[in-house]
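The entries below follow the order in which I checked things.

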Amino acid sequence: MPGTYGQLTSEQVGHFLERGFVTVRGAFDPAGARRWLDDAWVRFGYDRNDPGSWAEKRIHLAARSNVDARTFAPAAWHAAVELAGGEERVVLPWQWSDGFIANLGVGDDRPWQPPSPAADGWHKDGDFFRHFLDSPEQALLSLVLWTDMLPKGGGTFVAADSVPVVARFLADHPEGVLPGDFDYAGLIGQCRDFVEMTGEAGDVVLLHPYTLHATSQNVLGVARIITNPPLALREPMNFNRPDPADFSLVERAVLRALHTDRLDFVPTAPRQDLVPERVLKQRARAVAEDARLAAVCDSPDS
Ligand SMILES: O=C(O)CCC(=O)C(=O)O
Ligand SMILES: [Fe+2]
């Protein structure tokens, strides 16, 4: 459909349909995030210049502050909205936050291994809802790079052929799947196309929401910091639109995966919001984080 896609090139559209992701390089100026990153190190409780002090190797902070991606990273915003089917279909604003995910040396006590089914922690994002084929809560998975993501330095592992695998699983489970109930070993075992995502601070990777991915080892001694803000839809995905031109690229990728032109998907159980373990852990950390931030604010050289 030439001309239908504004921001994305036909190569990017083809790549998204084939391999489930699009990269927007230089989507924002990392200098604009300096304060957030300075605060993050206070919240971690570590000296950024002393990797020896980084006791906890993976930290996922809660969000304290937000920016609207539309103004902060316009090219990424436009690309994301286009993948999800247009501005009127998505929940706005698309908020990006300082809920940083730091890889400060996961698995740095053993030799680095490339992505494969043997890596730990393959998952689909969305620990906060019951998953259906058409779930609106997570229309896209994103990786926002607040630092460089260097080879062997914590680049998120991605299974670029996982969308069809997960699509079949969800199509077979119209009753929905709780985040902890996916057969991840069985699903990742069907994948062959593994990617170690790398890039520079300011890059953004937009991925199909079904994409299986995993934390990787970071053996470089260099901190890697990302966020993964979900873009949500106002209504569930619709695989049965009267005019095929109205399918979003995310929906098209699902139909293609299921080898069908359209599908009348009807969930057989209610949608469900969940409070993830992650949030409970973040709340538990927050008291100490607040105290450290307050101490920095009170110090004479702040
Ligand atoms: O840290 C990473 O590379 C991936 C993190 C992730 O996938 C998650 O927190 O859901
Ligand atoms: Fe994830």
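Before reading any distances, I noted that a polar contact is a pair of N or O atoms within 3.5 Å. I also kept in mind that this is a predicted model.

Entry one, ligand 1. I looked up which residues surround ligand 1, and found R58, I101, H123, D125, T156, H213, T215, R224, I226 and N228. Sorted by class, this shell holds two nonpolar, five polar and three charged residues.

I then checked side-chain atoms against the oxygen atoms of ligand 1, and a polar side-chain atom of H123 lies 3.1 Å from one of them. For R58, a polar side-chain atom lies 2.7 Å from an oxygen atom of ligand 1, and for R224 the corresponding distance is 2.6 Å. Ligand 1 taken alone exposes 300 Å², of which the protein buries 92%.

Entry three, the iron ion. Which residues coordinate the iron ion (ligand 2)? I found H123 through NE2, D125 through OD and H213 through NE2, at 2.0 to 2.1 Å. Along the chain, the donors of this ion follow the spacing H-x1-D-x87-H.

Is D125 buried or exposed? D125 counts as buried, because its relative accessibility is 8% and the cut-off for buried is under 20%. H123, by contrast, has a relative accessible area of 24% and is therefore partly exposed, a class that lies between the 20% and 50% limits.

Note on methods: Residues numbered from 1 in each chain as written. Chains lettered and ligands numbered in written order. Predicted model: local features only at pLDDT ≥ 70, side-chain atom pairs only at ≥ 80, totals over all residues. Heavy atoms only, no water. Near = heavy atom within 4 Å. Polar contact = N/O pair within 3.5 Å; in protein donor to acceptor, adjacent residues only side chain to side chain. Areas by Shrake-Rupley, 256 points an atom, 1.4 Å probe, with all protein chains shown as cover. Nonpolar A, V, L, I, M, F, W, Y, C, P; charged D, E, K, R; others polar. Donors = N, O, S within 2.8 Å, 3.2 Å for Na, K, Ca; no water. Buried < 20%, exposed > 50% of the residue type's maximum accessible area, 1.4 Å probe, protein only.
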